[in-house]
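Here is a short report on selected features of a structure.

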Amino acid sequence: MIATEQRDGAQTLLKCLEAGGIEVIFGYSGGAALPIFDALETAGTNIKFILTRHEQGAAHMADGYARATGKPACVLVTSGPGAGNTITGIMTAHMDSIPMIIISGQQVTWMLGKDAFQEADIFGITMPIVKHSYLVKDSEDIPRVTKEALHIATTGRPGPVLIDMPKNISQGPCTASLDVDIDLPGYHPESSFEVDSDAVAAAATALKASKRPVILAGHGAMLAHAGPELKELAETCGIPVTSTLLGKGIFDETHELSLGMLGMHGTAYANKAIVEADLIFNVGSRFDDRIIGQPDKFGRNATILHIDIDPSEMGKMIRPDLKIVGDAKVILAELNKHIEPLETTEWLATLDGYKKRFPLHYKKQGGLKMQHVLDVLDRLTDSRAVITTDVGQHQMWSAQFNKSRDPWNWISSGGAGTMGFGFPAAIGAQIGRPDDIVVAVVGDGGFQMTLFELSTAVLQKLPVKILVLNNHFLGMVRQWQELFFDNRKSGVDLEGNPDFVKLAESYGAKGFQIKRPADIEKVLSRALEYNDGPCLINCEVVKEDNVFPMIPAGAALEDMIIEKPKQKMAKPVGST
Amino acid sequence: MTNRIETTDLPLTLELPEHEYPLHTISVLVNNKPGVLARIAQVFSRRGYNIESLVVSPAAEADFSRMTIGARGEASGLDQIKAQCNKLIDVISCYDHTDDEIVAKELALVKVAVGAEGRGEALQIAEHFGCKTLDLAPESLVLMVTGDSGKLDAMIGMMQKFGIIELVRTGKVVMTRGKGMT
């Protein structure tokens with residue numbers, strides 16, 4: 001135990017982080033963060049430090065850790081380029097509401113704004129991509145700032161909070177008590193737990209009047225741990241459930257009421273359910289453009305109920321008929337007191353018909369398919385593995401064929417769409433859940449953006465499985481070029497890929513190869529059983545294949561295409 | 001068809017030229033801390049809205065500041081901006097007072113290019129608007145005018161004929177009448 005009078009700012013910081021529930025810090029050292037790195041050795045905390053190979057890797061690992069455990073994660077980097085390298089990671093966490101504390105070392109206070117060595121105004125640079133941020137200018141503020149940062153990151157709609165810590169502040173003495181009060185007069189997340197009973201009653205009435213209801217479960221339901229309440233609502237009333245990409249697993253996708261994921265590459269039956277529903281009950285989704293397509297056509301024949309913890313999401317994309325602001329778990333628990341079975345037999349039969357007519361499908365012949373690999377992976381893991389992904393075709397097929405049965409198992413960069421996210425996120429997830437199977441499903445493009453973290457995974461002896469779905473292309477962009485740009489391939493050919501198996505082996509990881517459909521089951525089984533550190537499975541999949549169903553960006557859900565049309569398609573009006 | 005408003009709310013490009021939208025007056029009570037102004041300005045700029053006037057001053061309680069922001073644009077867009085301002089940790093409250101019962105005042109300093117010749121007429125106009133003469137020089141006058149923004153516009157308009165050398169306006173400050181809180 002360090003006596004108060006001997007405690008410096010850095011030691012105080014670590015003690016406060018530990019008291020606030022931080023168990024692991026992911027990071028990379030540097031000059032301005034030296035006192036904090038020294039405190040890792042001297043503060044006497046049990047916080048585990050994971051040295052990464054790049055600050056972006058650290059941020060994604062922390063993100064993956066938070067998404068797999070529900071606990072806040074922490075990143076520690078130095079000033080200037082160190083802090084700058086975390087930006088993609090912070091943005092990714094911010095878009096997907098992930099609780100994260102980023103501590104950046106900073107130049108000494110009297111050098112701020114003077115273009116000192118490795119000085120960057122990271123407080124200013126990150127302002128649009130954090131929930132909140134601090135530039136600490138007095139060592140005595142450290143206990144309050146740390147406590148506030150953790151409180152802000154983990155309550156309400158979670159998000160990343162940055163603490164910029166000048167070197168003289170972390171080095172200076174701190175006599176302030178560790179047990180200080182927070183001072184946030186403008187922040188009242190506790191109000192999320194006050195239920196508007198009138199609104200809940202109105203929701204119950206709307207449900208009763210509905211003949212074709214559908215529940216749209218989003219990440220907010222996950223973050224609120226609302227799975228049991230959602231299940232009770234769906235089962236009691238007989239309401240089918242579709243989820244967003246980030247909502248995968250909040251409702252068991254093998255459940256007969258599950259429609260899987262909706263949206264741009266969602267299942268045909270989920271999208272048809274939304275189009276034909278007379279009531280859309282959005283629980284904790286922000287009506288992202290990937291799921292609503294053309295906003296003025298979305299759910300235009302339906303009553304729309306929207307639960308969200310963030311008032312600014314109400315009417316941002318879709319104006320609901322009824323909004324209930326607050327915590328999804330508390331609201332659904334209250335609603336469940338008022339519900340009764342609905343007559344939805346006919347509706348469910350209609351949707352079952354769609355499931356049979358428009359199933360997710362692929363051909364097992366004609367080369368190795370990503371879908372086939374992912375389908376077998378799902379079967380071999382009984383849909384129970386933690387899956388992380390990058391962004392692109394492999395992500396969408398993984399979302400389609402990996403049936404998420406449990407919450408906190410599906411980890412994917414949704415809002416930001418960050419390539420290079422999947423592998424480091426898997427490392428973070430495996431550190432948070434050492435006993436579970438963690439598979440990073442990545443493409444050859446995204447993997448090469450952060451593959452240097454193989455060192456980190458090997459050093460930590462983490463049994464992460466890296467499934468490289470290698471088509472030697474940036475597949476999703478190539479798909480768009482094929483469909484909308486006369487198949488002109490521009491900037492998508494990844495010629496010069498390394499031999500990923502040899503690459504893994506050179507880092508000291510195990511490498512596997514899948515080249516034929518016949519190899520899938522045998523090789524995947526061996527890889528899943530391999531627990532002696534990380535392993536990489538390189539899958540030489542067919543080079544050109546397209547993800548369907550597809551709703552071209554900005555098109556309405558009813559304009560979904562199930563397979564590649566014969567005629568040329570107009571360029572989408574939506575963004576990307 | 002339900003009673004919902006069908007279209008998406010937030011066109012980034014305004015349908016009309018910006019100056020054709022009514023001026024909204026938004027009052028924000030904030031923590032008096034570094035960076036707060038930048039955070040609020042970012043909420044406006046990210047949506048493509050221009051801040052027309054801005055007054056920042058200490059609030060009645062220590063540790064807080066009052067920002068009064070004038071901006072033009074789609075009302076629904078400004079609603080979204082208001083909601084996003086309210087989300088900022090450093091924002092205590094954020095209200096659009098456009099349709100409220102408020103008193104709204106502004107102050108302007110106007111340096112008018114007037115010598116001995118037109119001075120009498122200029123001072124007569126100034127008196128009509130209740131202006132205070134702050135400086136009298138051989139070739140210029142500095143006048144102070146206070147009141148609502150329309151009155152300031154009218155006074156400045158009347159001074160145009162003499163030539164305005166410099167103009168500084170504070171931007172509008174507002175307060176709700178009676179029991180309502182700003």
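## Strands S5 and S9 of chain B

Strand S5 (residues 102-112) of chain B runs antiparallel to strand S9 (residues 173-176) of chain B, and four bridges join them. Strands (E, at least two residues) and helices (H or I, at least four) are DSSP runs, numbered from the N terminus. Two strands pair if DSSP finds at least two bridges between them. B:Ile102 has B:Thr176 of S9(B) as its bridge partner.

S9(B) has two faces. B:Val174 and B:Thr176 form the covered one. B:Val173 and B:Met175 form the uncovered one.

## Basis of the model

The model is predicted: local features need pLDDT of at least 70, side-chain atom pairs count only at pLDDT 80 or more, and totals for chains, interfaces and linings use all residues. Residues are numbered from 1 along each chain as its sequence is written, chains are lettered from A and ligands numbered from 1 in the order in which they are written, and side-chain values use heavy atoms, with hydrogens and water left out.

## The parallel sheet of chain A

Chain A has an open sheet of six strands, in the order S9-S8-S7-S10-S11-S12, with parallel pairing. Strand S9 (258-261) and strand S12 (322-325) of chain A each have a single partner strand, so one side of each lacks a neighbour in the sheet. From one strand to the next, the twist averages 15°.

Within this sheet, three bridges join strand S7 (residues 213-217) to strand S8 (residues 241-243) of chain A. A:Leu216 has A:Thr242 of S8(A) as its bridge partner. Helix H12 (residues 268-276) of chain A lies across S7, S8, S9 and strand S10 (279-283). H12 runs at about 105° to S9(A). Axes are lines fitted to C-alpha atoms, for helices over the stretch in contact; angles run from 0 to 180 degrees between N-to-C directions.

## Helices H1 and H7 of chain A

Helix H1 (residues 9-19) and helix H7 (residues 142-154) of chain A pack at about 30°, with axes 9 Å apart. H1(A) contributes A:Gly9, A:Thr12, A:Leu13, A:Cys16 and A:Leu17 to the contact (heavy atoms within 4.5 Å). H7(A) contributes A:Ile142, A:Pro143, A:Thr146 and A:Leu150.

## A:Ser383

A:Ser383 lies in the loop between helix H16 (370-380) and strand S13 (386-389) of chain A. Is this residue buried or exposed? A:Ser383 counts as buried because its relative accessibility is 11%. Buried means under 20% relative accessible area, exposed over 50%, partly exposed in between (1.4 Å probe, protein chains only).

Not counting residues up to four places away in sequence, A:Ser383 touches A:Thr254, A:Asp378, A:Lys403 and A:Arg405.
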